[in-house]
Amino acid sequence: MAMEKTLRMSLLFDFYGPLLTERQQNVFDLYFNDDLSLGEIAEELLVSRQAVYDTLRRVGLVLEDFEQKLGLLQKHQERQLIYEEILSLVQLVRSQCGDSPPLTAIEEQIQKARGAS
């Protein structure tokens, strides 16, 4: 469960991180990306452990609020599922009809779209 929350926070940060204050971004980065403890972050930033905890809690709430209002992560995940379905259909057609340049082109465009979204 904690791993799922960490992954969700990281994904939300990818979408909405630039909307946070520089301080919030820094605390998030130290905690989630550099894997520092609350105490280590507090020591580095010369604040209390409670201040770090409060900042992380607030960041989580802000990120979830952005997602609730904008839904960018949900839309991204829905697109990824659609891409998977299309690629499966391409494989099905390929297995029944053989390979063809148009199928390869479709597959390449889907892979490109997956990387861009």
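## Asp99 and its contacts

Setting aside residues up to four places away in sequence, Asp99 touches Arg94 and Thr104. In this predicted model, Asp99 sits in the loop that joins helix H5 (72-97) to helix H6 (101-116). Is Asp99 buried or exposed? Asp99 is exposed, because its relative accessible area of 55% is over the 50% cut-off.

## A buried threonine

Now turn to Thr55, which has its place in helix H4. Here the relative accessible area is 12%, and the cut-off for buried is under 20%, so Thr55 counts as buried. Which residues does Thr55 touch, not counting those up to four places away in sequence? They are Gln24 and Val27.

## Two loop residues with positive phi

Look next at the backbone. Most residues other than glycine have a negative phi. Asp35 has a phi near 60 degrees, a positive value, and it is not a glycine. You can find Asp35 in the loop between helix H2 (22-33) and helix H3 (38-45). With a relative accessible area of 63%, Asp35 is exposed.

Leu46 also has a positive phi, of about 60 degrees, although Leu46 is not a glycine. Leu46 belongs to the loop between H3 and H4. Where the relative accessibility is over 50%, a residue counts as exposed; Leu46 has 76%, and therefore counts as exposed.

## The nonpolar cores

In soluble globular proteins, nonpolar side chains tend to be buried together. Which residues form the largest nonpolar core here? There are nine of them: Met9, Leu12, Phe13, Tyr16, Leu20, Phe28, Val59, Leu63 and Leu73. Two elements give two or more residues to this core, namely helix H1 (2-16) and helix H4 (49-70). H1 gives the most, with four residues.

Leaving aside neighbours within four places in sequence, Leu63 is in contact with Met9, Leu12, Phe13, Tyr16, Gly17, Leu20 and Phe28. Apart from this core lies another one, made of eight residues, including Leu38, Ala42, Val52 and Leu56.

## The whole chain

Now zoom out. How many helices and strands does the protein have? The secondary structure comes to six helices and zero strands, and from the N terminus on the elements run α-α-α-α-α-α. The radius of gyration of the protein is 20 Å, while the globule rule gives 13 Å for 117 residues; the value is well over that, so the protein is more spread out than a compact globule. Along its principal axes, the C-alpha trace spans about 65 × 25 × 25 Å.

Of the 117 residues in the protein, 27% are buried. Among contacts with a separation of 6 or more, 57% come from residues 24 or more positions apart.

## Surface and charge

What does the outside of the protein look like in numbers? The protein exposes about 8000 Å², and carbon and sulfur atoms supply 56% of that area.

Methods
Residues numbered from 1 in each chain as written. Predicted model: local features only at pLDDT ≥ 70, side-chain atom pairs only at ≥ 80, totals over all residues. Heavy atoms only, no water. Core = buried A, V, L, I, M, F, W, Y, C linked by side-chain atoms within 4.5 Å. Buried < 20%, exposed > 50% of the residue type's maximum accessible area, 1.4 Å probe, protein only. Contact = heavy atoms within 4.5 Å. Rg over C-alpha atoms; globule rule 2.2 N^0.38 Å. Areas by Shrake-Rupley, 256 points an atom, 1.4 Å probe, with all protein chains shown as cover.
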